[in-house]
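Reader: I would like to go through this model one element at a time, with the cut-offs stated as we go. Please keep each answer tied to what was computed.

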Amino acid sequence: MTEPGASGVQVAPGDPAQAAIRAYAAAHDDLVLAGAEAVQLVVSVLDEAGINYLTVSGRTKSVASFAEKATRSVDGVRLYADPLREIGDQLGVRVITYVRDDVAAVADLLADQVVVADDRDLGRETASEGRFGYASRHLQITLDAAREGLPAYAHLAGRNVQVQIRTVLQHAWAEFEHDIRYKGTVPTEHTHDFDRRFTLAAGLLELADEEFSTIRDRLRGPVASADHVATVAPDDDPRLDARELAAFLAGQYADAGWSRSDHYAWVSGLLLELGITSLDELGDVLRATDEASIHERMDYRYPPGAVRRLDDALLATYGERYVRLHGNAHRVAALRTRLDRLMS
């Protein structure tokens, strides 16, 4: 005699999966809140570091999906003896970057900021088998001790999060391949041909990723950065134009990477709060800063973008006044930590 689980999956009375499914269903509302906090955690870490990325998204595994996974078996043997503990993707965050170097930068940054319990480079594992295919960096993370007690992560404390990091091209391949193989119907007579074509596409996309990395490495000048930023302030806006600011910062920090497009407009607002409304005024401020000292004290272990470099320069120059700006209200604690480092 069996009875339906939370998703309609048949589970026998006394089956460990049944208890796990019921417990998961009972905790699901809290898990959804934890999932939102996980996304905010990753976004705040990346933005604070100034690393460029395309998107950060997240999801909490549905009860139906958990139930299906909890009851999976191979040759009659259940894959998970303790589903609540062993299923590691109950909370998931996905980071999509532009180029492969940023995948490594995001992984390194998370390792520096939170606890990484597991780190698998599935693209490297695929390559070690002498083939092309799925490529993504998968991390299992938990909160670090400093964040455990913060109200902002009240539902996330004590929980594991799977973070997937991949480039936009790797993501496109993975989504299309998953859609075809797992959501569509592939006729048996086409299976080998589809395998070959997916492998060929993966190889071509790997080459394209390499070319994108080369293009970005070479485009380190004002024109490239200005073209990269699409936000333009209206003529009557007293803030520095985001495109002009991007071009200026590309010249000021020639060795820095691009920042997110919206961050140029955001930091322009901070400059306005400081009364800086022209590139000449900004240039005067930056000429008075000791860039070498800032770089040494911050000890960047990731490639900060141009906006982060400017952010640190303004913090070093204006100190507590900069921390108290209205546009910085959401990150006061982080700024004060960085200010302590700059002043030490």
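Reader: Which residue just after H11 takes a positive phi?

Author: This is a predicted model, in which local features need pLDDT of at least 70 and side-chain atom pairs count only at pLDDT 80 or more, while totals for chains, interfaces and linings use all residues. Residues are numbered from 1 along each chain as its sequence is written, and side-chain values use heavy atoms, with hydrogens and water left out. Helices (H or I, at least four residues) and strands (E, at least two) are DSSP runs numbered from the N terminus; just after H11, a positive phi of about 85° is taken by Gly275.

Reader: What do the buried residues of H11 pack against?

Author: Buried means under 20% relative accessible area, exposed over 50% and partly exposed in between, with a 1.4 Å probe and protein chains only. By that criterion the buried residues of H11 include His263, Tyr264, Val267 and Leu271. Taking contact as heavy atoms within 4.5 Å, the buried residues of H11 pack against H1, H10, H12, H14 and helix H15 (320-323).

Reader: Why can the buried residues of H12 be said to line one face of the helix?

Author: In helix H12 (residues 279-287), Leu282, Gly283, Val285 and Leu286 are buried. Asp280 and Arg287, on the other side of H12, are exposed. The arc is that of the directions from the helix axis to the C-beta atoms; seen down the axis of H12, the buried residues line one face because they fall within an arc of 160°.

Reader: What is the strand order in the open sheet of 5 strands?

Author: Two strands pair if DSSP finds at least two bridges between them. Strand S7 (residues 115-121) is joined to S8 by 6 bridges and runs antiparallel to S8, and S8 pairs with strand S9 (residues 161-167) in the antiparallel sense over 5 bridges. Strand S3 (55-60) and S7 stand at the edges, each with a single partner strand, so one side of each is left without a neighbour in the sheet. The pairing is mixed, and the order is S3-S6-S9-S8-S7.

Reader: Which residue in S9 stands opposite Leu139?

Author: Strand S8 (residues 137-142) has 6 of its 6 residues buried, with Arg137, Leu139 and Ile141 on one side and His138, Gln140 and Thr142 on the other. Towards S9, Ile141 has Val161 as its bridge partner, and Leu139 stands opposite Val163.

Reader: What angle does the direction of helix H4 make with that of S9?

Author: Axes are lines fitted to C-alpha atoms, for helices over the stretch in contact, and angles run from 0 to 180 degrees between N-to-C directions. Helix H4 (residues 100-113) packs on the sheet and touches S6, S7, S8 and S9. The direction of H4 makes an angle with that of S9 of about 155°.

Reader: How many residues apart in sequence are the parts tied together by the stacked aromatic pair?

Author: Rings of Phe, Tyr and Trp (its six-membered ring) pair if their centres lie within 6.5 Å, and planes under 30 degrees apart count as stacked, over 60 as edge-to-face and the rest as tilted. A search of the whole structure finds 1 aromatic pair, and Tyr24 and Phe66 form it, stacked at 4.1 Å centre to centre with 5° between the planes. Because Tyr24 lies in helix H1 (residues 16-49) and Phe66 in helix H2 (residues 63-70), the pair ties together parts whose separation in sequence is 42 residues.
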